[in-house]
Amino acid sequence: MGVWELLLVAVVMLLGLCGVLVPGVPGPWLVWAAVLWWALQDPNGLAWMILVGASLVLLVAQAVRWQLPPRRLRASGATPRMAFFAGAGALLGFCVIPVLGALPGFVGGIYTGERLRLGGHGEAVTATRTAMRNGGTSVLTELFACLLILGAWLGAVFWG
């Protein structure tokens with residue numbers, strides 16, 4: 001698979017990551033479709049293992065999401081700006097502390113956005129807690145699953 005095709009797969013994965021944060025966009029499906037596209041274009045054992053792993057991770061993430069309360073982020077006052085900060089925090093945390101850094105990065109991103117919006121520490125903590133209770137954990141579950149898949153794909157491309 002050429003460099004341009006790998007870049008297109010990466011762009012589709014990034015669109016899927018952004019799609020997780022936007023209600024109504026099938027972000028996990030886009031990430032899975034990008035891995036499928038890559039595995040079909042570069043058929044080897046590692047590519048198929050990544051595809052099977054991605055499928056299993058997304059199935060587990062869906063099972064976990066069904067156990068969590070439904071998303072009611074708009075009712076809690078969530079804004080697109082909050083989604084941007086949460087996603088940026090998760091991505092930054094994922095890069096700084098591989099894999100597990102996405103969890104505190106996501107919550108830290110929400111807190112940072114709310115701190116900038118509301119101005120005070122107490123109000124930001126309350127808003128962060130409210131956002132996480134009203135569907136933030138559901139979004140975090142999907143985003144973390146997609147970041148795991150992205151990390152596995154990057155590892156397979158660079159070191160596989």
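Buried means under 20% relative accessible area, exposed over 50%, and partly exposed in between, with a 1.4 Å probe and protein chains only. By that scale V60 counts as exposed, because its relative accessibility is 53%. The model is predicted: local features need pLDDT of at least 70, side-chain atom pairs count only at pLDDT 80 or more, and totals for chains, interfaces and linings use all residues. Residues are numbered from 1 along each chain as its sequence is written, and side-chain values use heavy atoms, with hydrogens and water left out. Helices are DSSP runs (H or I, at least four residues), numbered from the N terminus.

**Nonpolar core**

- A nonpolar core is a set of buried Ala, Val, Leu, Ile, Met, Phe, Trp, Tyr and Cys residues joined through side-chain atoms within 4.5 Å.
- The largest such core holds 37 residues, and V35, W38, F106 and L147 have the most contacts inside it.
- At least two residues of this core come from each of helix 1 (3-21), helix 2 (27-41), helix 3 (45-67), helix 4 (80-96), helix 5 (102-118) and helix 6 (121-159).
- Helix 6 supplies the largest share of this core, 13 residues.
- Contact means heavy atoms within 4.5 Å. Neighbours within four places in sequence aside, F106 is in contact with L21, A86, G89, A90, M132, G136, V139, L140 and L143.

**T128 and E114**

- T128 is placed in helix 6, and E114 in helix 5.
- T128 counts as buried because its relative accessibility is 7%; E114 counts as buried because its value is 2%.
- Beyond its neighbours within four places in sequence, T128 is in contact with V107, I110, Y111 and E114.
- The side chain of E114 makes a polar contact with the side chain of R117 at 2.6 Å.
- The T128 side chain reaches the backbone oxygen of A124 at 2.7 Å.

**Second largest pocket**

- Pockets are found on a 1 Å grid over the protein atoms alone: a pocket is an open set of points where a 1.4 Å probe fits, with protein on both sides within 12 Å along at least five of seven lines, and lining residues have an atom within 4 Å of a point.
- Grid points are joined across faces, edges and corners, and a volume is the space filled by probe spheres set on the points.
- The second largest pocket has a volume of about 210 Å³.
- Its lining consists of L14, L17, C18, L21, A83, F84, G87, A88, L91, L143 and L147.
- Helix 1, helix 4 and helix 6 each supply at least two residues of that lining, and helix 4 gives the most, with five residues.
- Ala, Val, Leu, Ile, Met, Phe, Trp, Tyr, Cys and Pro count as nonpolar, Asp, Glu, Lys and Arg as charged, and the others, Gly among them, as polar. By these classes the lining has ten nonpolar, one polar and no charged residues.
- A88, one of the lining residues, lies in helix 4 and counts as partly exposed, because its relative accessibility is 37%.

**Other positions and separations**

- V60 lies in helix 3. The C-alpha atoms of V60 and A39 are separated by 21 Å, and the two residues are 21 residues apart along the chain.
- Q41 is found in helix 2 and counts as partly exposed, because its relative accessibility is 44%.
- Q41 and W66 are 25 residues apart along the chain, and their C-alpha atoms are separated by 33 Å.
- W159 is placed in helix 6 and counts as exposed, because its relative accessibility is 74%.
- W159 and L8 are 151 residues apart along the chain, and 19 Å separates their C-alpha atoms.

Terms used
Polar contact = N/O pair within 3.5 Å; in protein donor to acceptor, adjacent residues only side chain to side chain.
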